[in-house]
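Reader: I would like to learn how to read this model, feature by feature. Where do we begin?

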Amino acid sequence: MSLFQRLRHTDFWTGVTGLIVAVLALLLLFPILRVLMLGFVDADTGAFTIGNFVELFTRNYYLNGFKNSLFVGVLGTLGACLIGIPLAFFTARFHVQGQAWISTLAILVLVAPPFIGAYAWIMMLGSNGFMTNFFGLFGIETPTIYGAHGIILVFTLKFFPFIYLMTQTSLNGMNKSFEDAAENLGCTPWQRFTKITLPLVFPAVSTGAIICFVLAIADFGTPAILGRGFRTLSTIAFSAYRSELGGRPTMAVTVSIVMMAISMLALLAQRRILSKRRYASALTNPPVKQRMTGWRNTVMHVFCHGIVLIAMLPTLVVVYTSFLKTNGPVFIGGYGLESYERILRTAPEAISNSFVFSLGAVVLITVFSGLISYVIVRRETAAAGAIDFLMMVPYLVPGVVMAIGFVTTFRGGPLDVVGTAGLLILLYFIRRLPYGVRSATSSLRQIKPSMEEAAVNLGAAPAKAFLVVTVPLILPGLIVGALMSFITAINELSGTLILYDGGTITMPVQIYLAVLDGEFGLAGALSTVLLVCTGACVYAVFRFAENRDSAFL
Amino acid sequence: MASVEITGLRKLYGDVVALSDITLTIPSGAFYTLLGPSGCGKTTLLRTIAGFHAQTSGQIAVDGAPIETLPAHKRDVAMVFQDYAVFPHLSVHDNVAFGLKQRKVDKSAIKTRVAEVLDVVQLSHLADRMPHELSGGQQQRVGLARAIVVRPKVLLMDEPLSNLDAKLRVDLRAELRRIQRDLGITTIYVTHDQEEALAMSDIVCVMHGGIIQQAAAPLDIYLRPANRFVATFVGANNFLDVDRTSGGAVLRSGAANVAARISAERPVTCAIRPEDIHAHPPGTAIDPGRIVIEATMREISFLGREMEIFAVTEAGEEIKAVARPDPAIVALPPKSPVTLTVDPDALSFFAQGGNGDRLP
């Protein structure tokens, strides 16, 4: 074929692949590259330097932040494992009453706005928290919630659902014959658990742990609210960005690069370890649940329900405080709807903005995840492989980094769009796109390629075959993806905090500011609105998803 | 009705040759079967004709008009898929109407044509059902109806029966053939099942390694396989060594002189179909016209309609015979001697080495 002929025959999907690559290059690669480059630039002269990294690893201020991030990241992940694995084991291997209830609560914890946990714990155990005051009546001094241990507690209770849900899925999919064989060969139940079951779920546990670790390293809201002088890399990056405003945000960027490097190294290490451990097996003999009796049974139930209830506690406290009677920032006793009146009076645009931006992003995400999933699953080109790989990147890049990348890329010149609604929508789009793509991709993998081939064979052009055959077949996956990206978009804080201006404030930002001002009633009411939206989406996901638990991972 | 002509078709995946210089002609209205083991290129060839793979070089013409550069949706070659590919979100009627809608056929015509074709495949009573309410056989009838309703120039079938159970496969096989004959539609059929290929086809094209080994009528394929591969793949065969003596050639097992049958000097091997070998209990009178091969019984499988005899000749060659069950043979214990005989006319000879071409 001549070149001309080839151009004329450039088919629909080649064009789509080109479009996707262009969009990802502009909104993902380019901003990240800009960020990476800024880290190697002198703030004053603009000349190339590695001085920023030297400074980061020599000055105590940064070095402590680095250590602190690793400290709370590792311990938070460990804590999540310590409660997540037993919970998964109990619910997967024994009859636990209210199993659906437990997994629903765990999922609600997972999707609840990330910073709610932090400030709800302040309301309980802060210097003026009700638990602090309650125990104070008896002269008991409760440990303060501020500082590293508070952050670790919040991370533990916030991230354990990842470990729990992944391990549970893995346990449920494990061929019972392995455990039977162990027993048959003379293992005690404990040996069977440590020598067979635990190693076999290790891939799932480690995947969950990596997610926890990456999220903990990137988390901004929790250390910002609970830190009180305990600074992590993400809060340092944010304040560096604030103080460098107007100039080159080189230190903010340098700190961000180190954060990404930590996440990346952790992920690579896990992949390396996992590469030697592939335990695919047919589920010919599904596991059977046993019944526990006596005091063991009681302890198990108390543990399982206790964990999810404690993890839900912050959410309940937030909803509760939203209905307390307030006068300005002060709770004056009794119940009332003043907080809700106040959000309607003072921050109606935060609510409408949140919805408009998130919905805008979700529309884009849904369209693109349909197209991207097709390219990834059906086209075996180098570009398709690259797109598949790029879909990992937004998970690893903290919101602060992505937003700084957007600022440095899109500020100035005729295209100064920083602070506009459009840019926030694009930020949400690129950060939450992987949720939509993953859901659509797993849907499409279950559809045989012969479906589209049959449509094309019967005379439908590729674009039409996609629209009338593929899209209806992956619709549940698209809907679940849209819901998941909506949940995560409407709760986005760290990136928005850098990109918003007066007119484009969102609910999470408003909540964050209210918490900093001690306006817990206002924060509670806004958080409740967020929680209701999120809860409604979770319910919808339950309706549409084939496997309700794994849809959230 | 249309003829198909494929010339010099090549398909490479990197360095791997999937199709190597495929040249074939399919007369209008013929039932043409591509037969071969998995990986032989038969499905690649079919999908290249359908336009799902782009060929590296070569031409495909339908009724003289080249189609190899047309996109798949403009080729007018309807396909029936191995996994049915019945759209699960559309009813039986809408599945069958799908191709007609793409061709902008008007509504009333769609209605009558769908009704007609559903009648042909005996699914009229299920027109409003959804695919998940149908059995595998019914789904494949929908797949067939959907393909023939658009009156394509060529009908392509990719192992359409291989996902069905054995009984249904045989029933549907006959029905497919009947519908194809009635419509007179040129059909290219892919299968790895030699029985299916022999039973249904006008022409069987045996493929191996991306190369056409032989394309001929089923009887020719079986009785006169073009080379050792075809002789082994279609039906079973025993290959026995031929030893050259001064001025002669004898079967190593049985020592029969076969010099008269071999003109060329090159090394040859002798093929005997298992069903051409008779087994005799010790002490039976043997027709003197037959070649006698003394052997030791290794194993007998009694399969009901027939028995399979595995034996080792005195020259140490393994040999298999298939015959109607004979109580005297079935009762023989392992390692007992058995006399095998074969009609000299049943021998065929193939060159050793190379493609193992059949010697005249």
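Author: Begin with the elements of chain A. Chain A has 25 helices and 2 strands. Helices (H or I, at least four residues) and strands (E, at least two) are DSSP runs, numbered from the N terminus. This is a predicted model: local features need pLDDT of at least 70, side-chain atom pairs count only at pLDDT 80 or more, and totals for chains, interfaces and linings use all residues. Residues are numbered from 1 along each chain as its sequence is written, chains are lettered from A and ligands numbered from 1 in the order in which they are written, and side-chain values use heavy atoms, without hydrogens and water.

Reader: How does the radius of gyration of chain A compare with that of a compact globule?

Author: The radius is taken over C-alpha atoms, and the globule rule is 2.2 Å times the number of residues to the power 0.38. For 553 residues the rule gives a value near 24 Å; chain A has 25 Å, which agrees. The C-alpha trace of chain A spans about 90 × 70 × 50 Å along its principal axes.

Reader: What share of the residues of chain A is buried?

Author: Buried means under 20% relative accessible area, exposed over 50%, partly exposed in between (1.4 Å probe, protein chains only). In chain A, 56% of the 553 residues count as buried. Now take contacts, meaning heavy atoms within 4.5 Å. Among those in chain A between residues at least 6 apart in sequence, 79% join residues at least 24 apart.

Reader: How many positive and negative side chains does chain A have?

Author: Lys and Arg count as positive and Asp and Glu as negative; His and the chain ends are not counted. A charge is placed at NZ of Lys, CZ of Arg, CG of Asp or CD of Glu. Chain A has 36 positive and 24 negative side chains, and the centres of the two sets lie 8 Å apart.

Reader: Now a single residue. Is A:Ser339 buried or exposed?

Author: A:Ser339 counts as buried because its relative accessibility is 1%. A:Ser339 lies in helix 15 (residues 338-346) of chain A. Beyond four places in sequence, its contacts include A:Ser322, A:Leu324 and A:Gly521.

Reader: On to chain B. In what order do the 4 strands of the open sheet lie?

Author: Two strands pair if DSSP finds at least two bridges between them. The order in chain B is 2-1-4-5, with antiparallel pairing. Strand 2 (16-26) and strand 5 (65-66) are the edge strands, each pairing on one side only. Strand 4 (residues 57-62) and strand 5 pair over 2 bridges, and B:Ala61 stands opposite B:Pro66.

Reader: Which residue takes a positive phi in the hairpin of strand 4 and strand 5 of chain B?

Author: B:Asp63, with phi near 50°; the hairpin has 2 residues between the strands.

Reader: Which way do the side chains of strand 6 of chain B point?

Author: In strand 6 (residues 77-80), B:Val77 and B:Met79 point one way, B:Ala78 and B:Val80 the other way, and all are buried. Strand 6 runs parallel to strand 7 (residues 154-158) of chain B, joined by 4 bridges. B:Val77 stands opposite B:Val154.
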